[in-house]
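Here is a briefing on the structure shown below. Read it with the model open.

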Amino acid sequence: MSTPLLEIKDLHAVVGDNKEILKGLNLTVNRGEVHAIMGPNGAGKSTLGNVLSGREGYERTSGTVLLDGKDVFEMDIDERANEGLFLAFQYPVEIPGVGNHYFLKAALNAKRKYHGEDELAAGAFLKLMKEKMALLEMDARYKSRDVNVGFSGGEKKRNEILQMTMLNPKMALLDETDSGLDIDALRIVSKGVNSMRDKDHGMIVVTHYQRLLDHIQPDFVHVLVDGKIVKSGDKSLALELEEKGYAEYEAAA
Amino acid sequence: MTTAESQPNNDAEKLASEKVASDEMQDLVKKDYKWGFVTDIEADSAPPGLNEDIIRFISAKKDEPEWLLNWRLDAYRKWLKMTPPEWAHVEHPEIDFQDIIYYSAPKIDENAPKSLDEVDPKLLETYDKLGIPLHERAALAGVAVDAVFDSVSVATTFQETLKEAGVIFCPLSEAVKEHPELVQKYLGSVVPVTDNFYTALNAAVFSEGSFCFIPKGVRCPMELSTYFRINQAKTGQFERTLIVCEEGAYVSYLEGCTAPQRDENQLHAAVVELVCLDDAEIKYSTVQNWYPGDEEGKGGIYNFVTKRGACRGARSKISWTQVETGSAITWKYPSVILQGDDSVGEFYSVAVTSNMQQADTGTKMIHLGKNTTSTIISKGITAMKAQQSYRGLVKVNKNAENARNYTQCDSLLIGETCGAHTYPYIEVRNPTASVEHEATTSKVSEDQIFYCQQRGLSEEDAVNVIVNGFCKEVFRQLPMEFAVEAQALLNVSLEGAVG
């Protein structure tokens, strides 16, 4: 039996002034699996992503998280990224003055360097970028535009997925990637995400809406309420939530 | 706005050059101010203090003609009646002008060295440490270097190639003897002796500098550069540079400075004068890395410089590009007087202040002729407890028809305790003028750094990426070889500024 890609055990975490948001979260994602996390606002969905990635202001108070067997809390933010953890942000920031291609090349080469590989030659990099941009139906101009500057919400989300396909993380967490997307954008973003589904990659898709899960069909669905996963099931659970809402789970929590 | 000279034609090339920059950066990040050392050569220097005797001493040491000695003395007498200016947004202890050594030269034989073999090996070692290769490799690279060590020029290379083209590029002291008529014609014509307190001082005691003359229709075949270094404690560096381009001539001049760590403040009051006749162009680039003082603000160079270019001819162009990362205090406004019709003035600047550095810098664009254009792109980065001010003047004279100016001044703040200030002065006396001014102030946000880190970049790399992106527009203006050094310098200057 192979090591789980992500193993979260009894994770407790606080934000800012010691406000506990995660209250004993358990989750295991194996290679090749796509997990969906749904839950009411304030449940801790975004907090999970921030704690896993190591964002300042979020502190693990107890519990463990192993990324492919390695203790995540022993690693810096960039180390976790280079070990294969990717967070697709709900609200990606803009970085004026920094071209998309320059940024991606820097990130890609940082990862390669971390793994003792040679940097990717400019030609090979551009080829890869062109390929992934075509997959995501992105106009060539996005290559040299400054990272997320002046991008619409949907364009930013697509850019996140572009980065994901280029950096090829083994474990990706997509934080409400569907928010703000129109029907076409949803289709395209899903296409990008699905292109990475295989026996080696794992994914967590955080969402409010069942609709995304029609495009990115999960293997498992979890309900996150008040900092804990209170129910797990297969994709039919998402349909059930769509119908009944979270009331049942909130009452029990 | 003009485009850069050697802009890559395709993405691959551009990415490759950016890769080089970040490699350089990686190395330099690990080092302290690496130019912190002193050459232990016995210097032939004057006692501290300034009076007419010292000036005569300097003039005699340089074997100057009578007219120049008189010029100096006249400047000195005028200086005595002036007081140091206090309007800049900088603070420093009062300078004791009598506590400065105004002349220092390394001991050399009476017979000046004719080839590099004859140069004092210790001096060459100094240049080696500074990364200035005064040997055959430099020849192949095609960069002529006029290396000034303290107050005396040591070696000038590539005279042959330049001679063939008719270009004169030599130490000012040499030009005074070989081309007195040219020097007399232009010296002090762009920056008058009494322009300000420090130009008067410079006129009295200027120690060395470059003279560059490009004759009619000649495009100087190589980038020209000059390196300076202040070594002797309490020695003020008072260099003077004069560059003249006749009709249709072109030159690209690079100025790069380094200095060792010292405890006492060192005054650097240089004067640079540029003259362009019809259809001529001067591109003047500077990468300044003088010792900035330690984290407490102790030590460091005072960089009080007056630089001015006169676009005398029609369709002439002067372009200033500067990357200022050093000095304890920087006070300079490279300016352009747009006298000729259709003349163009440009100012591209990146100024970095960190720790306790202070800078009050900017430019003056004076529109006098018809259809003149000026472009100002100023990028200020300030961190820690530093203070930085942009001070710019755009002046359009009554008779300056159709003047155009575009100014963009952006400030980037890193951390909570630094300060960025902007003092734009716009004086327009002609109704056909078009003057645009844009300014932004932003912070390097933690969110941006976190985003970069989550993509695998270290915190330092993240700051570097963001800051270099901020300065991109200006770096693009630098000649290739300086662009790489500039990016590296930027990163070293901001070491420790984040987190």
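**Briefing: sheet, interface and core**

Strand 3 (residues 34-38) and strand 10 (residues 202-206) of chain A pair in the parallel sense, over four bridges. The model is predicted.

**The open sheet of chain A**

- A:Ile37 has A:Val206 of strand 10 of chain A as its bridge partner.
- Six strands of chain A form an open sheet, in the order 6-9-10-3-11-12. The pairing in this sheet is mixed.
- Strand 6 (85-88) and strand 12 (228-233) of chain A are the edge strands, and each pairs on one side only.
- From one strand to the next, the twist averages 20°.
- In a regular strand, side chains alternate between the two faces of the sheet.
- Helix 8 (residues 235-244) of chain A lies across strand 3, strand 11 (220-225) and strand 12 of chain A. Helix 8 of chain A runs at about 45° to strand 11 of chain A.

**Strands 7 and 8 of chain A**

- Strand 7 of chain A is joined to strand 8 (residues 146-147) of chain A by two bridges. These two strands run antiparallel.
- A:Gly99 has A:Asp146, in strand 8 of chain A, as its bridge partner.
- Is strand 7 of chain A largely enclosed by the rest of the structure, or largely open? Four of its five residues are buried, so strand 7 of chain A is largely enclosed.

**Where chain A meets chain B**

- The contact involves 26 residues of chain A and 22 residues of chain B.
- On the side of chain A that touches chain B, at least two residues each come from helix 2 (77-82), strand 7 (95-99), helix 3 (100-114), helix 4 (122-135) and helix 5 (153-167) of chain A.
- Helix 3 of chain A gives the largest share of that side, with eight residues.
- By class, that side of chain A has 15 nonpolar, six polar and five charged residues.

**Helices 3 and 5 of chain A**

- Helix 3 and helix 5 of chain A pack at an angle of about 35°. Their axes are 10 Å apart.
- The crossing of helix 3 and helix 5 of chain A is right-handed.
- Helix 3 of chain A makes this contact with A:Leu104, A:Ala107, A:Leu108 and A:Lys111. Helix 5 of chain A uses A:Gln163, A:Met166 and A:Leu167.
- By class, the contact of helix 3 with helix 5 of chain A has five nonpolar, one polar and one charged residues.
- An α-helix has 3.6 residues a turn, so residues three or four places apart point the same way.

**Chain B and the largest nonpolar core**

- Chain B has twelve helices and 23 strands.
- Of the 499 residues in chain B, 53% are buried.
- Among contacts in chain B between residues at least 6 apart in sequence, 83% join residues at least 24 apart.
- The largest nonpolar core has 190 residues. B:Cys245, B:Val251, B:Leu274 and B:Cys276 touch the most other members.
- Helix 11 (residues 459-475) of chain B gives the most to this core, with nine residues.
- Leaving aside residues up to four places away in sequence, B:Leu274 touches B:Val190, B:Ile243, B:Ile282, B:Tyr284, B:Gly309, B:Ala310 and B:Ile318.

**Helix 10 of chain B**

- Helix 10 (residues 446-454) of chain B is mostly covered, with seven of its nine residues buried.
- The buried residues of helix 10 of chain B are B:Gln448, B:Ile449, B:Phe450, B:Tyr451, B:Cys452, B:Gln453 and B:Gln454.
- What covers these buried residues of helix 10 of chain B? The cover includes helix 1 (45-53), helix 2, strand 6 and strand 7 of chain A, together with helix 11 of chain B.

- Most residues other than glycine have a negative phi.
- A:Glu176 has a positive phi, near 45°. A:Glu176 sits in the loop between strand 9 (171-175) and helix 6 (183-194) of chain A.
- A:Glu176 counts as buried because it has 21 C-beta neighbours inside 10 Å.
- B:Met384 has a positive phi of about 55°. B:Met384 lies in the loop between strand 19 (373-383) and strand 20 (387-396) of chain B.
- B:Met384 counts as partly exposed, with 19 C-beta neighbours inside 10 Å.

Terms used. Residues numbered from 1 in each chain as written. Chains lettered and ligands numbered in written order. Predicted model: local features only at pLDDT ≥ 70, side-chain atom pairs only at ≥ 80, totals over all residues. Core = buried A, V, L, I, M, F, W, Y, C linked by C-beta atoms within 7 Å. Buried ≥ 20, exposed ≤ 12 C-beta atoms within 10 Å, placed from the backbone. Contact = placed C-beta atoms within 7 Å. Nonpolar A, V, L, I, M, F, W, Y, C, P; charged D, E, K, R; others polar. Pairing = 2+ DSSP bridges. Axes fitted to C-alpha atoms, helices over the stretch in contact; angles between N-to-C directions. Left-handed = near helix turned anticlockwise from the far one by under 90°.
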